[in-house]
Amino acid sequence: TPRTQTYGARALNFTNPTARLILETIERKKSNLAVSVDVTKSNDLLAIIKAVGPYVCMIKTHIDIIDDFDFSLIKQLQNLGHEYDFVYFEDRKFADIGNTVALQYAGGVHKIASWAHLTNAHPVPGPSIIKGLSSVGLALGRGLLLLAEMSTKGSLAVGSYTEEAVRMARQHKDFVIGFIAQRRMDGIGSQLHEDVSQDDFLILTPGIGLEAKGDAMGQQYRTPHEAVFESGSDIIIVGRGIYGTDPKAVDAIAAKAERYMAEGWAAYQARLTH
Ligand code: 6AU
C-alpha cells in the first residue's frame, strides 16, 4: 500500500505531472517538509524562502496577504523555486461555483494557475468546483487538493463530509492528487463496486508544531511523528513553528527548518520499516 511504499516508487501511481514532480522532489531532497510562509511583505517572504529552501520539497503561499504585491514577485519566486528545487502550493482554498473559481484561478491580480503547481479547494460546492478548476489547471499540468479535514478545533469537515470529499476525488483522479487531512484516507469513500486498491492520494497535513500545542485562534498542533508515522501523512506543513515571530531571524529559521525536515524524514523511514 502507499503507506509503506517509498515516495519515489509512488510517483508511478500517478498520471498527474504535479503529483509526480512532488514525489520525485521529495525523494531527491529527502524532505517531506512544506513550509507555509504566512508573512505580509515581499522581502520577508523572499528572505524566508531563501533560508528554508534547501530543506523543503514545497513552499506554501497565501499570495493574497502580501501587502506590497506586484506581479514581478512571481518571477522572483519562480527563480527561487528553480534554484532550491521545490514546488509551489498556493493555499487559496477555493469554495465557489465552477464558473467563479475558474475565473479566480486563472485571472485577477495573482493569476494563480500560471505559477502555482498546486492549489486547494473546499469540497462544499460539490464536484462542480473540480470541473471549474480543472478547466483551467488540467491542461497546465497543475494539481488540486481537497480539504477533507481541517486542523482547527470544532471543524465541520468530519464524518460523511470527509467521506464525500474522498469520493469526489476518486472520480477526478486526473486532477485531484490528494487531500488536506490529518490522516490517510485509504478505504474512506469507497463503494463496494469500486476497485480502490490501486488508489493513491497525497496527504498533506497542516497543524504541525514541535513546541506549541495550538494558538489563540483555534489552531491545533501535532508533531511530525504523530502525523507521518501514526497517521500516515505524506507531507508536513509547518508555518509559525519554523518562522516564529521574527521574519528577519533567517539563521534561526533555517535551523528550525532543518530540524523539522529531519523529524519528518525520520518518521517516514520508521513508517516504511514498520
Ligand atoms: O503552522 P501554522 O499554524 O503557522 O500555519 C498553518 C498553515 C496556515 C493555514 O492556512 C493552513 O496551514 N491550514 C490549512 C491548509 C494548508 O489548507 C488547512 C487546515 O486545516 N489548517 C491549516 O492551518 O497557512
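Start at serine 151. Its side chain places an N or O atom 2.7 Å from a nitrogen atom of the ligand. Keep in mind that this is a predicted model.

Now select the ligand itself. How much of its accessible area does the protein cover? On its own the ligand has 520 Å² of accessible area, and the protein covers 92% of that.

Next, show the residues around the ligand. There are 17 of them, and Asp38, Lys60, Ser151, Tyr221 and Arg240 come nearest. Colour this shell by class. You will get 6 nonpolar, 6 polar and 5 charged residues.

Select aspartate 38: an N or O atom in its side chain is 2.6 Å from an oxygen atom of the ligand. Then go to glycine 239. Here the backbone takes part, with a polar backbone atom 2.9 Å from a ligand oxygen.

Look for it in the loop between α2 (17-29) and β1 (33-36). Is asparagine 32 buried or exposed? It counts as buried because its relative accessibility is 0%, and buried means under 20%.

What does the side chain of asparagine 32 make a polar contact with? Select tyrosine 7: the two side chains meet in a polar contact of 3.1 Å. Finish at glycine 264. Its backbone oxygen lies 3.0 Å from a polar atom of the asparagine 32 side chain.

Conventions
Residues numbered from 1 in each chain as written. Predicted model: local features only at pLDDT ≥ 70, side-chain atom pairs only at ≥ 80, totals over all residues. Heavy atoms only, no water. Near = heavy atom within 4 Å. Polar contact = N/O pair within 3.5 Å; in protein donor to acceptor, adjacent residues only side chain to side chain. Areas by Shrake-Rupley, 256 points an atom, 1.4 Å probe, with all protein chains shown as cover. Nonpolar A, V, L, I, M, F, W, Y, C, P; charged D, E, K, R; others polar. Helix = DSSP H or I, 4+ residues; strand = E, 2+ residues; numbered from the N terminus. Buried < 20%, exposed > 50% of the residue type's maximum accessible area, 1.4 Å probe, protein only.
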